[in-house]
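This note was prepared for a colleague who wishes to go through the structure point by point. Please read it alongside the sequence and the coordinates.

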Amino acid sequence: MLFINHETMIEVTSKTRILIEEIEQETKTEGGILIPEAIIKTKSDEENIKLGIIYAMNAKEISEYVLGQKVLFFGYGPRRAKIEGKLLWVAKLEDIIGIIK
């Protein structure tokens with residue numbers, strides 16, 4: 001199965017995994033200085049929650065999500081992979097904890 005996403009075609013055959021492109025969040029200090037999320041340290045892996053966009057998935061097998069949908073996911077479970085020049089998270093469905101509407 002081929003799924004088109006913006007500028008590329010990726011074949012996703014897994015019934016339980018999706019590709020997520022992370023959205024970098026910026027945080028402002030009290031003085032207005034922007035701090036990228038990569039610099040912000042969390043207290044433990046349990047608090048490592050990320051925001052991302054579903055990049056590719058097997059739409060015939062996974063009906064609860066849509067390509068391009070914003071989701072919250074645990075950053076310590078999925079693996080990172082460089083696919084077609086982009087760093088993506090290869091996540092299990094249970095790694096997703098919420099949908100941003």
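The points below move from the chain as a whole to its sheet, its aromatic pairs and some individual side chains.

1. Overall composition. The model is a predicted one. Its protein chain contains 0 helices and 10 strands, so that the order of elements from the N terminus reads β-β-β-β-β-β-β-β-β-β. The chain has 101 residues, of which 33% count as buried.

2. Contacts and surface. Among the contacts in the protein chain with a separation of 6 or more, 59% are made by residues 24 or more positions apart.

3. Which order do the strands of the open sheet follow? The 6 strands are arranged as 8-9-3-6-7-10, and their pairing is antiparallel. Strand 8 (79-83) and strand 10 (96-100) are the edge strands, each pairing on one side only. On average, and with direction ignored, neighbouring strands of this sheet are turned by 45° against each other.

4. Pairing of strands 3 and 6. Strand 3, residues 17-22, and strand 6, residues 49-56, pair in the antiparallel sense over 4 bridges. Within this part of the sheet, isoleucine 20 stands opposite isoleucine 54 of strand 6.

5. Strand 7 and its two partners. Strand 7 runs antiparallel to strand 6, to which 5 bridges join it. Isoleucine 49 has phenylalanine 74 of strand 7 as its bridge partner. Strand 7 is also joined to strand 10, by 4 bridges and again in the antiparallel sense. Here phenylalanine 73 has isoleucine 96 of strand 10 as its bridge partner.

6. The two faces of strand 7. In a regular strand the side chains alternate between the two faces of the sheet. For strand 7, Val71 and Phe73 form the covered face, whereas Lys70, Leu72 and Phe74 form the uncovered one.

7. The edge-to-face pair. A pair of aromatic rings is described by the distance of the centres and the angle of the planes. The structure holds 2 aromatic pairs. In one of them, phenylalanine 73 and tryptophan 89 have ring centres 5.7 Å apart and planes at 65°, so this pair is edge-to-face; the cut-off for that class is an angle over 60 degrees. Phenylalanine 73 belongs to strand 7 (residues 70-74) and tryptophan 89 to strand 9 (residues 86-92), so the pair ties together parts that are 16 residues apart in sequence. Tryptophan 89 is buried as well, with a relative accessible area of 7%.

8. The tilted pair. Phenylalanine 74 and tyrosine 76 have ring centres 5.5 Å apart and planes at 45°, so their pair is tilted. Tyrosine 76 has a relative accessible area of 46% and is partly exposed.

9. Glutamate 22 is located in strand 3. Is glutamate 22 buried or exposed? Its relative accessibility is 13%, and glutamate 22 therefore counts as buried. The side chain of glutamate 22 is joined to that of tryptophan 89 by a polar contact of 2.9 Å. Tryptophan 89 thus takes part both in this polar contact and in the edge-to-face ring pair.

10. Glutamine 69. Glutamine 69 is found in the loop between strand 6 and strand 7, and its relative accessible area of 19% places it among the buried residues. The side chain of glutamine 69 reaches the backbone nitrogen of valine 66 at 3.0 Å. Neighbours within four places in sequence left aside, glutamine 69 is in contact with Gly52, Ile53, Ile54, Glu64 and Ile99.

11. Glutamate 61. The loop between strand 6 and strand 7 also holds glutamate 61, which counts as partly exposed at 40% relative accessibility. Glutamate 61 lies 46 residues from lysine 15 in sequence, and the C-alpha to C-alpha distance between them is 5.5 Å.

Methods. Residues numbered from 1 in each chain as written. Predicted model: local features only at pLDDT ≥ 70, side-chain atom pairs only at ≥ 80, totals over all residues. Heavy atoms only, no water. Phe/Tyr/Trp six-rings, centres within 6.5 Å; stacked < 30°, edge-to-face > 60°. Buried < 20%, exposed > 50% of the residue type's maximum accessible area, 1.4 Å probe, protein only. Pairing = 2+ DSSP bridges. Axes fitted to C-alpha atoms, helices over the stretch in contact; angles between N-to-C directions. Contact = heavy atoms within 4.5 Å. Polar contact = N/O pair within 3.5 Å; in protein donor to acceptor, adjacent residues only side chain to side chain.
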